[in-house]
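Me: I would like to learn how to read the meeting of two parts of a protein. Could you take me through it slowly?

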Amino acid sequence: MTKASKEKTPAPFDELLIREFLLDNPDFFNRYPELLLAMQIPHAERGAISLIERKQEMFRNRVQQLEEEITSLLGMASRNEMIYMFNTALSLKLLKCEDLGELRQVLSEGLKTQFHFSHVRLITVHDIDSELSQIWSKRLNQGYYFGRLTMSESKRLFGSEVGSVALSRLSEECGQVIFAIASQDAMHFHPEMDNLLLDQLKQLLDHLLPKL
């Protein structure tokens with residue numbers, strides 16, 4: 001076979017029409033079953049395979065993909081159930097707190113014990129504190145912030161450098177208060193994560209703090 005004969009020649013028909021025809025006539029290969037074995041499809045590892053083998057491979061890949069998606073969903077469901085159970089127990093403890101000091105202690109101990117966070121704080125922002133005011137206006141302009149801080153921001157909020165943080169503004173009824181959680185793991189909190197845990201706790205704190 002010459003080099004010229006190996007080169008792909010333009011098809012004497014519209015390939016899109018063939019595609020549409022096959023989609024509109026799914027019984028085509030039932031009428032011409034010999035084509036299923038005769039047709040060879042290039043394969044990266046096996047050179048060439050039949051249409052049936054290619055279809056079986058696509059089904060296996062799809063099944064594997066679905067199994068991975070199901071495993072991921074089960075893991076997410078298990079994590080959400082764990083968060084729900086933890087939040088329920090912690091909420092009952094917080095509702096029994098009689099003053100702000102006790103609430104801070106219960107909140108901090110609960111989150112640190114369950115999730116191994118390094119710091120949990122409720123920080124009041126005073127207008128005369130320029131560093132906290134900057135964090136309040138820039139990092140929390142959307143209400144939440146997940147990710148890393150500069151070293152100066154980290155030391156101002158937590159007294160030391162931390163890996164990553166979750167910050168939330170409490171409601172105006174609480175004053176200017178930041179609900180701040182830190183982890184030594186730089187990858188623990190990131191901008192793409194959901195705020196399920198933080199939002200549920202924020203709503204409870206919004207309800208409790210004005211009463212203490």
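Reply: Let us begin with buried area, which is the accessible area (1.4 Å probe) that two parts lose on being put together, summed over both. This is a predicted model, in which local features need pLDDT of at least 70 and side-chain atom pairs count only at pLDDT 80 or more, while totals for chains, interfaces and linings use all residues. Residues are numbered from 1 along each chain as its sequence is written, and side-chain values use heavy atoms, with hydrogens and water left out.

Me: Into which domains is the protein divided, and what area is buried between domain 1 and domain 2?

Reply: Domain bounds come from an automatic or database domain assignment, and here they give domain 1 (14-38 + 49-96) and domain 2 (99-209). About 1200 Å² is buried between domain 1 and domain 2, with carbon and sulfur atoms giving 75% of that area. On the side of domain 1, Phe86, Asn87 and Leu94 supply 45% of the area buried against domain 2, more than any other three residues.

Me: How many salt bridges does the rule find across the interface of domain 1 and domain 2?

Reply: A salt bridge is a side-chain nitrogen of Lys or Arg within 4 Å of a carboxyl oxygen of Asp or Glu, and the rule finds one across this interface. Asp194 forms a salt bridge with Arg79, their closest N and O atoms being 3.9 Å apart.
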